[in-house]
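Biologist: Before we discuss any labels, please show me the model, and then tell me what each label rests on.

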Amino acid sequence: IANCQGWQLGSWNVKSGNISSLESSVLELRVSLVRDGKIDFHYFVSAEEGFDGVVQDEVALPLVSNTPTLANFSAPLKAGLHTLTWKYFKDFASEDGNDQAYIKNLLITGLSYADEQCHKCPAGTFAAGTASTKCLLCGEDKYSNTPGAQECQSCDVQHEYAYPGSTKCETRPPCTINDYEAEHEDCGTGNQPQTRLVNPKICDSSTGVGVSLPAETSVACAPCPGGYRRGGSSAICVPCAPGEAGGGDTNAECLPCGAGQAAQPVVQLDQEFDRWPKEVATRCSGDCATAGWRLTGKNIDSGVGHGDDVEVTLEWPVMIESLDPTPYVEFTYSLECEGGFDEECDLEFSVVGNYSHTYYFGHERTVKVDFIRTGQHDLEWVFSKSSGDDMVSRLSRAEIHSINIFGASGGAAPKCVRCENGSVSPGNVASCSKCPAGQGPSADGSKCEMCPQGTFSDGPGVGCIECPHGTKPLALSGAQGCDDGDCQYRASDNALYDLRPLRRDKFYGPVVVDEHDYELSVCQNVHHNDSQCLDPNGEPIVAYACQVLESGIGLSLGSRIGYYDYNGTDGQRGITLEYTGGHFGCKGVATSFFDNSPGVHRSTNITFICDPSAGRGQPEPCQSKDFTFWSFLRGGVEPTPCHYCFEWRTVYGCPACTPDDYEQVYGECVAG
């Protein structure tokens, strides 16, 4: 395929090429081992979880879709010939992350019995003594400017500095206000800010030319953050009680939330950047100039002065106890990449095991990501950079201006949040409760009530909704489902369509389109024993229609049924079954860097077209009359994102015969 690319050689890695849906980018390496050895490499993947990713055939690296940080893989290799293959592939559905895999630091041992000669350590490193197996980086304020150094030279630390791994010393510039940050003690009768240098110290404060270290001062206590108030006579901020919200100002009170609302707790890092929450951890790997992310007083940043090939990680484990109101994390960041086009510089955010996305640009951009389950979630922000102009790129960094985690245990509620559709609250609570099937919220949202006549609810938290077109509730009130008319539909012209002869105890199909299997049923919302429609845990999916991806994972394409007339432009008649309420989270068109939406439910249409000559017929992908690039990519089966379409020419797409379709004809009189 003309647009399909193989793996590309970068300045610090090899990475999978740009490919489209249902394509693969393959890297192949043939080696001959003279003795038993091993393969060892680092890799990073950012792709759609469970559907896209990288595999390694020879050493059985399974499908990997997301790695929160640079991961390591090692496996033994036997002596002999080996063909090592890395394959990154894409399915045909949505995209996530930066849709690429990277490999670096590939090491294969066993290719020869020993090095034939020793190698000089490069400038910026050294090897002391004899029989060294690796080169060591020169430390902070030290350097080596020639290859083969046995030790590093020291800078004049009063007037010069050097980052780890440097080949020369740099003159310390005069200190500026940006080289200091304020650290606050607990607020009692007032804050006592203490000013200190931001690490690493590269400026010179002894010359009297720049800004000197500010003197310690006492200032009034800052206002409490939202969800906190002053604790009586004390100036210390204390959280609002569970079920209450407010605070935030000097004299603001915490008040109970009313019926239909919840005081959703929020854990925040968005006002005082002088100390870390106790659960937060940070670290740096590679050619680091700081130990990790830094508190700067006005925000947090990944530090400056880092050399080539570095990752700075911020970890924050949080506990989510309720999904109603929807819990989510929201943060605002800026990314300053100063190394030019040769520099790889990005910020990756992950909810480990559930979500990962990499950002390559942005200034004070806000990102919002929903949590999809309760329990502990490990949040990670990883700033990475490699290559670029060495001295300029050392100024590259990421800044985070605020982090707010809504629904996290241990937080406080700045405001009351209305319960979502299908959920209720009596008031003065921290979370809402989902109404059971057959029930929905009362008018004031304080309790659950039976669904009124004409509506239904087929699951917890669904709320009372109208039945799909062509069906009606199974009960006058409290309906948990809809009557599908026993697979019969009376059209608007009073014609009766009867699809019961097509109903059976197994799926039709699979209909194969672009290496994906589609399994379809007629008026049967069940899981058939011979179906491959299974979730990632191998559990059966109950659905009217199912898509089975190349990875073997199934997705529901509809759990509710509706009927519609079909009148084709060419005079053809028939009936359309619409299956709605399928697998949630579909985003369809390639996800943009700015798309943080949770997605939509998948749905399916099967149009039964009257064709007496077709017999029972069989389903086929729709032949879209409105050509779009999207329908072209999907082979007609998905004319619009997340909505699937099939046509079925069959005699049962014709209206059923009625007495009006017959005419009484008299024959000749026989024997009187």
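Modeller: Let me begin with accessibility: a residue is called buried under 20% relative accessible area, exposed over 50%, and partly exposed in between, computed with a 1.4 Å probe and protein chains only. This is a predicted model, in which local features need pLDDT of at least 70 and side-chain atom pairs count only at pLDDT 80 or more, while totals for chains, interfaces and linings use all residues. Residues are numbered from 1 along each chain as its sequence is written, and side-chain values use heavy atoms, with hydrogens and water left out.

Biologist: Why is Arg294 called buried?

Modeller: The relative accessibility of Arg294 is 12%, so Arg294 counts as buried, given that the limit is under 20%.

Biologist: What makes the contact of Arg294 with Asp301 a salt bridge?

Modeller: A salt bridge requires a side-chain nitrogen of Lys or Arg within 4 Å of a carboxyl oxygen of Asp or Glu. The closest N and O atoms of Arg294 and Asp301 are 2.7 Å apart, and the pair therefore meets that definition. Asp301 is buried as well, with a relative accessible area of 0%.

Biologist: How do you know that Glu399 and Arg397 form a salt bridge, and is Glu399 buried or exposed?

Modeller: Their side chains meet at 3.0 Å, N to O, and Glu399 is buried, with a relative accessible area of 9%.

Biologist: Which parts of the chain does the salt bridge between Arg573 and Asp493 link?

Modeller: The closest N and O atoms of Arg573 and Asp493 are 2.5 Å apart, which makes the pair a salt bridge. Arg573 is in strand β50 (residues 573-580) and Asp493 in the loop between β43 (488-490) and β44 (496-498), so the pair links distant parts of the chain, 80 residues apart; strands here are DSSP runs of E of at least two residues, and helices are runs of H or I of at least four, each numbered from the N terminus. Arg573 counts as partly exposed at 31% relative accessibility, and Asp493 likewise counts as partly exposed at 47%. Elsewhere, salt bridges that share partners join Arg294, Asp301, Glu336, Arg397 and Glu399 into one network, and the structure holds 17 salt bridges.

Biologist: Turning to the cysteines, what makes Cys138 and Cys152 a disulfide?

Modeller: A disulfide is a pair of cysteine sulfur atoms within 2.5 Å, and the sulfur atoms of Cys138 and Cys152 are 2.0 Å apart, so the pair qualifies. Cys138 is buried at 1% relative accessible area, and Cys152 counts as buried at 15%. A search of the whole structure finds 16 disulfides.

Biologist: Why is the disulfide of Cys138 and Cys152 called left-handed, and why is that of Cys610 and Cys654 called right-handed?

Modeller: The torsion about the S-S bond of Cys138 and Cys152 is about -80°, so that disulfide is left-handed, whereas the torsion for Cys610 and Cys654 is about 90°, so theirs is right-handed. Cys610 lies in strand β53 (residues 603-610) and Cys654 in the segment after β55 (643-650), so this pair ties together parts that are 44 residues apart in sequence. The sulfur atoms of Cys610 and Cys654 are 1.9 Å apart; Cys610 is partly exposed at 25% relative accessible area, and Cys654 is buried at 14%.

Biologist: Finally, what makes β1 and β7 edge strands?

Modeller: Five strands form an open sheet with antiparallel pairing, in the order β1-β2-β9-β4-β7, and β1 (8-9) and β7 (71-77) are its edge strands because each pairs on one side only. Two strands pair if DSSP finds at least two bridges between them; two bridges join β1 to β2 (residues 14-15), so these antiparallel strands count as paired. The bridge partner of Gln8 in β2 is Lys15.
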